[in-house]
Amino acid sequence: MPDQFIVGVDVGSSKLCSAVAVRERSGAVRYVGHGSAPSGGLRGGEVIDPEALSAAFRRAVEEARYLIGTPVEDIVVSISGAHIEPIDRMGGLDLTTDRPVSVEDIVQAISQSRGTDPAGLHTVHRVVRGMALDSEPVSDPTGRYGRRLDVWTRDYAVPSQLIDRLRQSAEAAGVRIHTLIPEGVAAASSALSPTERDAGVALIDIGSATTDIAVYAGGDLQHIAGFALGGHHVTADIAAMLEIPLDEAEDLKRAHGAIGEDNREELYEWTPRAIAQLQRLASFGEVPPAAVRTIAAARAVQIIDRAREALVASDTLQLLQSGAVLTGGGSMLTGIGDIASAILGVPVRCGGVLAGDGFPGIADPTVSASVGLTRYCATRAAMPPPTRRETRSYSMGAGASAFVHPLVMQTAFGFGGSERDTTTRRDRGAARRAFTSWLREFVPARMEE
């Protein structure tokens with residue numbers, strides 16, 4: 001089997017970040033690299049100019065092609081939680097009582113939970129919320145006997161029109177979107193540690209125009225949310241208040257940050273006279289840092305307030321025993337960690353990609369989602385087959401492919417494998433543990449043609 005490449009593209013309003021990982025012949029996963037290209041055609045996560053977005057896709061894919069030295073035809077793409085709707089479903093399977101529950105039974109029960117999406121929506125991600133064997137809750141029913149297996153899932157759906165526009169823009173650039181993964185799930189895959197996921201944590205990815213939230217507890221994905229506010233709004237506020245160009249406002253934002261724990265006494269008092277004086281000073285390039293920090297803090301507070309509202313509305317704020325992790329370009333705003341900790345009432349850290357799973361640590365938080373796309377797919381693929389001996393890879397186009405776990409192929413991509421079970425007891429034990437881990441965060445649903 002040749003080396004197989006996974007190409008992820010994080011679609012943002014200011015730039016498209018691409019990342020590449022490779023699954024080698026030995027089965028090891030190796031991170032290759034990342035790049036970025038200017039975005040276009042997006043506003044608040046909505047496609048407003050398909051041609052401009054297509055040009056951005058073309059530039060991002062060219063970055064990936066440069067990294068791997070071969071054409072790329074299929075990509076994994078992020079989608080903002082601002083457009084995601086949760087749908088709770090239930091399915092089940094009547095069992096044969098003369099044999100124990102198998103992995104295939106679980107997969108079939110999960111497939112029975114699939115329902116018709118509401119008009120105008122399309123499911124892109126699914127999480128198993130719980131299982132019960134003969135009405136008894138179980139975390140892993142494999143190997144047990146029973147008459148009925150029930151499964152509760154939560155699907156995450158996005159507007160079909162948004163998917164169509166993303167696909168059309170990508171196809172016009174010569175690539176196919178293989179799978180859409182929620183932005184929060186992608187960023188969490190690279191920015192959260194297993195300990196944080198188990199204890200309870202909120203991943204808050206502050207992008208240019210949107211902020212995405214993913215909450216984990218007990219190792220499980222509990223909630224996804226998002227809203228159309230991000231780091232660009234901080235820049236725009238500075239530019240509007242001081243009547244300066246956006247690029248100058250961006251430089252001031254990066255240089256001075258926001259009011260935080262270390263500079264609370266700098267809070268600037270706004271009066272018509274003070275604003276007029278600031279605007280005159282700004283015209284000469286003499287803006288007091290305290291003024292910039294005050295403007296930036298006001299919008300940062302609004303962003304974190306909105307995040308808190310989302311956590312409270314979903315009844316997940318009390319789950320955050322490990323606190324919150326800020327990532328994305330907006331997390332680079334000096335002082336925003338202090339603001340978030342004060343508003344959320346939990347410890348907060350800011351960071352990028354954590355090392356592990358064949359990926360290096362990367363301090364840059366702007367690449368958390370793009371690297372997370374490849375890491376998410378790679379870790380889904382890294383599990384040993386539960387009862388399958390033969391494997392197939394789902395083609396990602398000429399010169400690039402994504403290795404997919406055989407069970408994932410059966411459930412998400414419509415492929416199957418050999419029915420022969422040649423695993424040893426030891427192999428089955430490892431497979432069961434891997435399956436339980438996989439079940440905690442189910443594979444992204446296949447995009448229907």
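The buried residues of α8 pack against α6 (231-242) and α9 (289-313); contact means heavy atoms within 4.5 Å. This is a predicted model: local features need pLDDT of at least 70, side-chain atom pairs count only at pLDDT 80 or more, and totals for chains, interfaces and linings use all residues. Residues are numbered from 1 along each chain as its sequence is written, and side-chain values use heavy atoms, leaving out hydrogens and water.

Helices (H or I, at least four residues) and strands (E, at least two) are DSSP runs, numbered from the N terminus. Buried means under 20% relative accessible area, exposed over 50%, partly exposed in between (1.4 Å probe, protein chains only).

A274, L278 and A282 are the buried residues of α8. Down the helix axis they fall within an arc of 75°, so they line one face; the arc is taken from the directions from the axis to the C-beta atoms. On the other side, P272, R273, R280 and S283 are exposed. Just after α8, G285 has a positive phi of about 70°.

The whole structure holds 16 salt bridges. Each is a side-chain nitrogen of Lys or Arg within 4 Å of a carboxyl oxygen of Asp or Glu.

| Pair | N to O distance |
|---|---|
| D117 and R89 | 2.7 Å |
| D105 and R99 | 2.8 Å |
| D155 and R126 | 2.7 Å |

D155 lies in strand β10 (residues 148-159) and R126 in strand β8, so this pair ties together parts 29 residues apart in sequence. D155 is buried at 0% relative accessibility, and R126 is buried at 5%. R89, D117, R126 and D155 are linked in a salt-bridge network.
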